[in-house]
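The following note sets out several points on the fold and the domain arrangement. Please read it alongside the coordinates.

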Amino acid sequence: MKNEALDSYHAFFLDVDGVLVRGGEVIPGAIEGVARLQRMGRVLLLSNNSTRSRKQVASSLKKAGFPIEEQDIVNSAFIASEYLRDHYGLLRVWVLGEEGLGLEIAAAGHRLVAPQEAEWIVAGMDRSLDYSKLTEALVALSTCGGRFLATNTDRTFPTTDGPRPGAGATIGALTGMGYPPTVIVGKPAKIAFDVALEMAGCTPSQVLMIGDRMETDILGAREAGIDSAIVLTGVTQREMIQTHAYAPRFVADSLHALANGNLCG
Ligand SMILES: [Mg+2]
């Protein structure tokens, strides 16, 4: 069966949480959905999650059954590394975040250093954030003149026990000390989409962004000139869509439904 709605796209950018998985569980039909999209074009996973490296993300998705490799992952840790290297070369970076963020920064060739040697700070979600880390952050920020990259500013992070503090909590703590981020690279920032477009070798009109969150996936795609589809397996319910001043091109119950051409409305 042909899927005419999606026929004109050469690549699909997929959000992860709320599209492929939810609270660590595979969303029903998502594996088949990814496989089907891969037969129509290049599939990249464009995620704001900075807590794991691309290798770690690929390995856990593969274990869950997804046909996904490391080079298919564009997470905010990777986007941060690429952005800094492209704009400033290889840097001495102090990281406030979880293990995967540091791994990805180092994998790009940047050097992870102590707070008092930092040229740039990179900060993201950190589930062990405490007063002593904030003290180190303050040292690093004053050392580097406040050059501070935020992976994203998502307020919350979905878990099976309900929402938990997202990267926005980390970024807010640094901002509260007088240091707002110099740059934010995750969705809805155009930087995120630019890195993914370059990896896919596509122009915006050749791509469909598929996500579950209006404020990041759908708004960001729109601002990057990319068509979007929202799936209702994550944080957005159907009646929430029209409360926004912008709309996705497609609405589907799930990735599986979208990939099979079963669209809502
Ligand atoms: Mg999501």
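1. Domain bounds here come from an automatic or database domain assignment. On that basis the protein chain is divided into domain 1 (4–48 + 187–259) and domain 2 (89–184). Their centres, taken over C-alpha atoms, are separated by 26 Å.

2. The model is a predicted one: local features need pLDDT of at least 70, side-chain atom pairs count only at pLDDT 80 or more, and totals for chains, interfaces and linings use all residues. Residues are numbered from 1 along each chain as its sequence is written.

3. Helices (H or I, at least four residues) and strands (E, at least two) are DSSP runs, numbered from the N terminus; two strands pair if DSSP finds at least two bridges between them. Six strands form an open sheet with parallel pairing, in the order β5-β4-β1-β13-β14-β15. Because β5 (73–75) and β15 (250–252) each have a single partner strand, they stand at the edges, and one side of each lacks a neighbour in the sheet. On average, neighbouring strands of this sheet are turned by 20° against each other, direction ignored. Axes are lines fitted to C-alpha atoms, for helices over the stretch in contact, and angles run from 0 to 180 degrees between N-to-C directions.

4. Strand β14 (residues 227–231) is joined to β15 by three bridges, and the two run parallel. Within this pair, Ala229 stands opposite Phe250 and Val231 opposite Ala252. Four bridges join β14 to β13, again in parallel, and Met209 has Ser228 as its bridge partner in β14.

5. Is β14 enclosed or open? Four of its five residues are buried (20 or more other C-beta atoms within 10 Å of their own, C-beta atoms being placed from the backbone), so β14 is largely enclosed by the rest of the structure.

6. A right-handed β-α-β unit is made by β13, α8 and β14; right-handed means that, with the strands pointing away from the viewer, the path from the first strand over the helix to the second runs clockwise.

How values were computed: A residue is buried if 20 or more other C-beta atoms lie within 10 Å of its own, exposed if 12 or fewer, and partly exposed in between; C-beta atoms are placed from the backbone.
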